[in-house]
Amino acid sequence: MTATEPDETSIDSAVTDLGGGVWTIPVPIPDNPLGNTLVYVLESDRGPVLVDAGWDDPRSLAALTSGLTAMGTSLADVHGVIATHNHPDHHGLTYAVVEASGAWVAMHEADAAHVELINTSPRSRWLEHHLEVLRAAGAPQEALDALTSTRKASGVVSPRFRLATPDRNLVHGELADVAGRDVRIVWTPGHTPGHVCLFLEEGVGTGPDRAGRLLSGDHLLPGITPHIGLYDDTDEADPLGDFLASLAKVAAMPITEVLPAHQHIFTDAPTRVAEITALHEERLVALHARLAATPLTLWEIAVGMDWNRPWSELGVQNRQIALSEAAAHLRHLVKRGQAGAVSTDDPIRYGATA
Ligand SMILES: [Zn+2]
Ligand SMILES: [Zn+2]
């Protein structure tokens, strides 16, 4: 997430009845400018089904628990959890929900594979991987040293996340298992490879014209744009291309209202899609112009892009995120035939090709 401005944080429990058997509970993400994750609760014939669970923290669990109680149900009654994607502000708390309720957990297989990787890889391998990414990008030695010392100091090298292993697949075009409701799974890769939106088919009629509300996860947010990083090491991966295609997919749907996982509910999905698409196109045009002027390493590309703070003020973790976002933009220019490697030097430099 690239949060540009703090959102209202609600630590007190709150639940809002959105009508039609859909509720929302803001679950705080402590010490994060994003404020909270909007967890949605779908009433079903077999008990409440959550769309996302929130961040793994006792305060977050307390907010979710009291929100469910205020609805007239309970944490123990939760029948299932649908994860829009595997990020910790969405899927972190699923583990605790499953412990309390025995609920099933559904996720797209591309994100489930990443959960498996996180749960089985030693954290030292994670550090080694990211050091290699920095080296290959042409980062200065001090950036590598900063990453190593930050990771060791924060203890991320040893302990593990508690990420719930999904036991159900979310398959694009199918209905999710929410008894008594038509909840269509819409695969929207980009922010993560297995991100999904959920379309509540509530309007009259059948087929693709049937209108409804879209639970958009992090794919479509009213005031911020999701982080798009190079999440895959293969040359085929084009997360930004995937994201732009996923935005177009959503813009074509008969959406009455967007229920995002952060900030607030909004209407007019096509306008928001157009704004986000234009933002990325501007960044692509700017990057192409820089590459046409002089070949650059990936590190140099990232340092020269516009971020929400000056590069010198970005911490180690935000620089990692920025580097990954820069890599996704570069990859998309390469896929469009507008950029490519100009040498096989280490680090590789890239230039404009068209
Ligand atoms: Zn996310
Ligand atoms: Zn999020």
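Entry 1: Two strands count as paired if DSSP finds at least two bridges between them. Strands (E, at least two residues) and helices (H or I, at least four) are DSSP runs, numbered from the N terminus. The model is a predicted one: local features need pLDDT of at least 70, side-chain atom pairs count only at pLDDT 80 or more, and totals for chains, interfaces and linings use all residues. Residues are numbered from 1 along each chain as its sequence is written, while chains are lettered from A and ligands numbered from 1 in the order in which they are written.

**Entry 2: helix H1.** I then listed the buried residues of H1, which are Ser60, Ala63, Leu64, Gly67 and Leu68. They cover an arc of only 130° around the axis, which puts them on the same side of H1. The arc is that of the directions from the helix axis to the C-beta atoms. A residue is buried if 20 or more other C-beta atoms lie within 10 Å of its own, exposed if 12 or fewer, and partly exposed in between, with C-beta atoms placed from the backbone.

These buried residues pack against strand S2 (22-28) and strand S3 (36-42). I also examined Ser66, which lies in H1 and is partly exposed, with 16 other C-beta atoms within 10 Å. Ser66 and Val15 are 51 residues apart in sequence and 8.7 Å apart in space, C-alpha to C-alpha. Just after H1, I recorded a positive phi of about 100° at Gly72.

**Entry 3: helix H3.** In H3 (residues 94-101), I found Thr94, Ala96, Val97 and Ser101 buried. Seen down the axis, they fall within an arc of 160°, so they line one face of H3. Gly102 follows H3 and has a positive phi, near 75°.

**Entry 4: the nonpolar core.** I turned to the largest nonpolar core, which has 84 residues; Leu50, Ile82 and Leu198 touch the most other members. Such a core is a set of buried Ala, Val, Leu, Ile, Met, Phe, Trp, Tyr and Cys residues joined through C-beta atoms within 7 Å. Helix H10 (residues 316-335) supplies the largest share, seven residues. Not counting residues up to four places away in sequence, Leu50 touches Val39, Val41, Val78, Val81, Ile82 and Val97; contact requires C-beta atoms, placed from the backbone, within 7 Å.

**Entry 5: the four-stranded sheet.** I traced an open sheet in the order S8-S9-S10-S11, with mixed pairing. Strand S8 (183-187) and strand S11 (255-260) stand at the edges with a single partner strand each, so one side of each has no neighbour in the sheet. S10 (residues 212-217) and S11 run parallel and are joined by five bridges, and Leu215 has Leu259 in S11 as its bridge partner.

Note on methods:
Contact = placed C-beta atoms within 7 Å.
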